[in-house]
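User: I would like to go through the pockets here and the terms used for them.

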Amino acid sequence: IRETKIGPVRLVTVDMPVEKVVAFVGSFAAGNARNPAGNPLLASLTAQMLDQGTERNDRFALAESLDTLGAELGFLADAHSLSFSGKFLRNDAGFVIDLLAEQLRIPAFEETVFDNLKERTRANILRATHDPDYRASAAMTRLLYPKNHPNYNSPLEQQLQALDNTTVEDLRQFHKNYYGPASMTLVFAGDIDFDQLSAAIA
């Protein structure tokens, strides 16, 4: 295991006896704990828009680039962090890290794409109203945690109202406020070329 700092970014690498393949995970502080009062969905909606197009490439071009390389890249907002993970071939490290940086730095936040995401999210929330497992676990979080706690699961009615009220400008402001390398950690494991990864991240 090797660890270093590249600017504010903490980089950890785990060299393993596998050939050509590298997997990675990363995170920084842009999770649900950053949601403003009254909007429990903002961190999650922002994260879900990251792979839906950037200022340089639409979502189809992003997907095609990853498919061509056989690479993977995904994003998720959890209680405290924006988390991301992926997998790529060792020789493609520079390209995939550049693509990750593009999606984190300059997401497009297109209005029509966001409208589609809101419709899918609405459908998921409405399905949850009929899911007893979800309703039980959500009710438990409301008994255990205060409303401002990131593990508190807001009532579905409040989630629907927040969804209706959230705009693209809200996403852009959340992104501006909380996205960046200040608290970022990156962990790579596999067939590691440390100098190559360090140069790609710098």
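Predicted model: local features only at pLDDT ≥ 70, side-chain atom pairs only at ≥ 80, totals over all residues.

Analyst: Residues are numbered from 1 along each chain as its sequence is written, and side-chain values use heavy atoms, with hydrogens and water left out.

User: What makes a residue part of the lining of the largest pocket, and which are closest to its centre?

Analyst: On a 1 Å grid over the protein atoms alone, a pocket is an open set of points where a 1.4 Å probe fits, with protein on both sides within 12 Å along at least five of seven lines; a lining residue has an atom within 4 Å of a point. The largest pocket holds about 730 Å³ of space. Its lining has 33 residues, with Asn35, Pro40, Leu41, Tyr152 and Ser154 closest to the centre.

User: Which element gives the largest share of that lining?

Analyst: Helix 4, with 6 residues; a helix is a DSSP run of H or I with at least four residues, numbered from the N terminus.

User: How do you know how the lining of the second largest pocket divides by class?

Analyst: Ala, Val, Leu, Ile, Met, Phe, Trp, Tyr, Cys and Pro count as nonpolar, Asp, Glu, Lys and Arg as charged, and the others, Gly among them, as polar. By that rule, the lining of the second largest pocket has 17 nonpolar, 1 polar and 4 charged residues. Helix 3 gives the most to this lining, 7 residues.

Methods: Points joined across faces, edges and corners; volume = space filled by probe spheres on them. Helix = DSSP H or I, 4+ residues; strand = E, 2+ residues; numbered from the N terminus.
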